[in-house]
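Trainee: I would like to learn how to read a protein model step by step, beginning with the terms and then turning to the case at hand. Could we go through it together?

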Amino acid sequence: MADDREYSNIYTIPPNYTDSGKLMGGMLETRNTVEASILLALVGYPELMWLHLPVTAKVVVMTITLLPLGVFALMGLGGDSLLQYVSHMVMFLVRRRQLHYRRIGYHYDTNTHKGSPPKKRTGKPPAKRKAGVRSGLHSDQRAQKRHRRNH
């Protein structure tokens, strides 16, 4: 006889299996922590050394500026660290393109300089289009007739 017991193939995943490479029990990512500490040192040192205020005022100023900055740097933006986010924005600005789509069947104005008179051409006359073929249409497609309304 075959064993009639059902075996469960469901395993519980421990909550800390993705905590590798993180600090403080998986709460902080290592990259964000290093960037936050460097940023706090760069901003905090001038505040500590160059502000000519009493000690109590320095503590208040540093608490108001460094605490939100540190929390923001530890959290990051959209799952990325601040340096990654800034690099993504810079690369977007460097690589951005403007896409221009031309409408099918629309005849664009060829005169780009409205103020200057058209140049006189010498030599061959410009080639004329074949009847029934418009730019943007496949050679098997026919041009539809357009009816104009008088307004």
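Mentor: Let us begin with the elements: helices (H or I, at least four residues) and strands (E, at least two) are DSSP runs, numbered from the N terminus. Leu-69, for instance, is found in helix H2, which covers residues 55-75. Please keep in mind that this is a predicted model, in which local features need pLDDT of at least 70 and side-chain atom pairs count only at pLDDT 80 or more, while totals for chains, interfaces and linings use all residues. Residues are numbered from 1 along each chain as its sequence is written, and side-chain values use heavy atoms, with hydrogens and water left out.

Trainee: Which elements does the protein have, and how do they run from the N terminus on?

Mentor: The protein has three helices and two strands, and their order from the N terminus is β-β-α-α-α.

Trainee: Does Leu-69 count as buried, exposed or partly exposed?

Mentor: Buried means under 20% relative accessible area, exposed over 50%, and partly exposed in between, with a 1.4 Å probe and protein chains only. Leu-69 counts as partly exposed because its relative accessibility is 23%, and of the 151 residues of the protein, 12% count as buried.

Trainee: Which residues does Leu-69 touch, not counting residues up to four places away in sequence?

Mentor: A contact means heavy atoms within 4.5 Å. By that rule Leu-69 touches Leu-39, Leu-40 and Val-43. The C-alpha atoms of Leu-69 and Leu-39 are separated by 8.3 Å, although these residues are 30 apart along the chain.

Trainee: Where is the salt bridge, and which side chains meet in it?

Mentor: A salt bridge is a side-chain nitrogen of Lys or Arg within 4 Å of a carboxyl oxygen of Asp or Glu. The structure holds one, in which the side chains of Arg-31 and Glu-35 meet at 3.2 Å, N to O. Because they are four residues apart in helix H1, Arg-31 and Glu-35 are separated by about one helical turn. Arg-31 is partly exposed, with a relative accessible area of 41%, whereas Glu-35 is buried, at 17%.
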